Amino acid sequence: MLFLAVFCGFLAENQREHFVENKREIILVRSLLKDLEADTANAYACLKDTVRIEKLDSLLEILYQPAIDKMDLRKAYFFNRRFMFSWTPMDFNRNTITQLKYGGNMRLIKNQTVVDSVNGLELLMISLDEQQQAVKDGMFYCEQLGNEIFSWAFFRVDGKLQRSDFILTSKIPPRFMTNDILLIQKYANSINTLRGRTINYHLQLKDYITTNIDLIRRIKKEYHLK
């Protein structure tokens, strides 16, 4: 009788732990789903940056002219200020993945396909972080070169900074701070490099969106969630 009581107690405790773990699994999966949906929306917002790439092409066409007097300086100033340094960075929601992988909770996810997908997703996030840092570094380098060419003084009136499109109709025609055509084309080359890095980042961001959507569908199907 004592053995039976102990055995029954063991079964009851085991069942209770199983119930608690199942409940914890669903909580984590719902949290992961929320993170994935938020990240997908953020990634789509980042991809709207494609308009900026088109405008950088327009700036390159101006800066690659063989002489300064052949360049449209008003448009060069406008494109440089409006599109060179305004972009939407991707900020990943890593809370749930961190709990799963580094909080000892991955064992609670019993669906191996979901586990494999989460591991793959984290690697993709790491790669995207590296791509995004490359874009930031390129942008910083462009800013350093651009500060030797463009003067913010042409955007100021009575001590106040005007909008970027002010330069298109301002009374005082803008000038470059240098006549060094090699420096200007070096700047153009750096913009071209930045443009390429941004395109590569966007391509990988599209892969991330596809991976996210696939994982969202799989989680909803496997765990019968809406």
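Guide: Cys-142 is buried, with a relative accessible area of 0%; buried means under 20% relative accessible area, exposed over 50% and partly exposed in between, using a 1.4 Å probe and protein chains only. Cys-46 counts as buried too, at 2% relative accessibility. This is a predicted model, where local features need pLDDT of at least 70 and side-chain atom pairs count only at pLDDT 80 or more, while totals for chains, interfaces and linings use all residues. Residues are numbered from 1 along each chain as its sequence is written, and side-chain values use heavy atoms, leaving out hydrogens and water.

A disulfide is a covalent bond between the sulfur atoms of two cysteines. The structure holds 0 disulfides, counted as pairs of cysteine sulfur atoms within 2.5 Å. The cysteine sulfur closest to that of Cys-46 belongs to Cys-142, and at 19 Å it is too far for a bond.

Now for the helices, which are DSSP runs (H or I, at least four residues) numbered from the N terminus. The axes of α2 (residues 50–63) and α6 (residues 181–222) come within 10 Å and cross at roughly 160 degrees; axes are lines fitted to C-alpha atoms over the stretch in contact, with angles from 0 to 180 degrees between N-to-C directions. That makes α2 roughly antiparallel to α6, the word for angles over 145 degrees. Where they meet (heavy atoms within 4.5 Å), α2 contributes residues including Leu-56 and Leu-60, and α6 residues including Ile-191 and His-202.

Definitions and conventions
Helix = DSSP H or I, 4+ residues; strand = E, 2+ residues; numbered from the N terminus. Parallel < 35°, antiparallel > 145°, perpendicular 65-115°, else oblique.
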